Amino acid sequence: MSGQSSNDDIYLFIMRHGEAEAPRLDDKSRQLTPLGREQAKTAALWLKDQYCQKGSVDLALVSPYRRAKQTHDMVSLDIIANKVENNEDIVPEGSPRLVSDYIDGLLHAAVNSKKPIKKLLVVSHMPLVSYLVDELCQSYTTSLFSTASIAVIKYSLKEHKGTLVTHYQGL
């Protein structure tokens, strides 16, 4: 199966929220559309089938924006996060370098703990998700993310960088 390999593997799942309502003055409160909910549900089923057969991730970092929280809620119907952190840095205009450094720090801090992080889900927005994949992989290809798509990165603690394994583009 796709997600099965050595015990040292760390997987990062970088996900864009599902389709949201049209832009408005208060971008933070935009909600998912019915299609956006379906996209998130379908993406979660793909992720569970391919990489999260036990139905869990160790940590989910979720944007505080409503559409990202709702996306995570839909994913949580199939994949439970052992810990969820709402993170103010993973917003559309967030700094990919800051977020990458934060993720690297979390992974390193947890490596010798009782609860190492082997699977981490980030639910955020364009353009941050695209730039974050570039920053984590040091590749700078600026992949486009359709709504509710997921980039899967295998991350090396030793090298402080990841390798893009696949990019699920969703419905």
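## Ground rules

Residues are numbered from 1 along each chain as its sequence is written, and side-chain values use heavy atoms, with hydrogens and water left out. Since the model is predicted, local features need pLDDT of at least 70 and side-chain atom pairs count only at pLDDT 80 or more, while totals for chains, interfaces and linings use all residues.

## Overall fold

The protein has four helices and eight strands, taken as DSSP runs numbered from the N terminus (helices H or I, at least four residues; strands E, at least two). Going along the sequence, the order is β-α-β-β-α-β-β-α-β-α-β-β. The radius of gyration is 15 Å, close to the 16 Å that the globule rule gives for 171 residues, so the protein is as compact as a globular protein of that length. That radius is taken over C-alpha atoms, and the rule is 2.2 Å times the number of residues to the power 0.38.

Of contacts (heavy atoms within 4.5 Å) between residues at least 6 apart in sequence, 70% join residues at least 24 apart. Buried residues account for 51% of the 171; buried means under 20% relative accessible area, with a 1.4 Å probe and protein chains only.

## Helix H4

H4 (residues 128-137) is mostly covered, with nine of its 10 residues buried. Among them are Leu128, Asp134, Glu135 and Cys137. The buried residues of H4 pack against strands E1 (10-16), E6 (119-124), E7 (150-156) and E8 (161-168), plus helix H3 (96-110). Just after H4, Gln138 takes a positive phi of about 50°.

## Nonpolar cores

A nonpolar core here is a set of buried Ala, Val, Leu, Ile, Met, Phe, Trp, Tyr and Cys residues joined through side-chain atoms within 4.5 Å. The largest one has 25 residues, and Leu12, Ile14, Leu61, Ile103, Leu107, Leu120 and Val122 touch the most other members. E1, strand E3 (59-62), H3, E6, H4 and E7 each supply at least two residues of this core, and the largest share, six residues, comes from H4.

Leaving out residues up to four places away in sequence, Leu12 touches Ile103, Leu107, Leu120, Leu136, Ala151, Val152, Ile153 and Tyr155. There's also a second, separate core of 22 residues, including Val57, Val75, Leu121 and Tyr168.

## A buried glutamine

Gln70 sits in helix H2 (residues 66-75) and counts as buried because its relative accessibility is 11%. Beyond its neighbours within four places in sequence, Gln70 is in contact with Gln31, Leu32 and Arg37.

Methods. Buried < 20%, exposed > 50% of the residue type's maximum accessible area, 1.4 Å probe, protein only.
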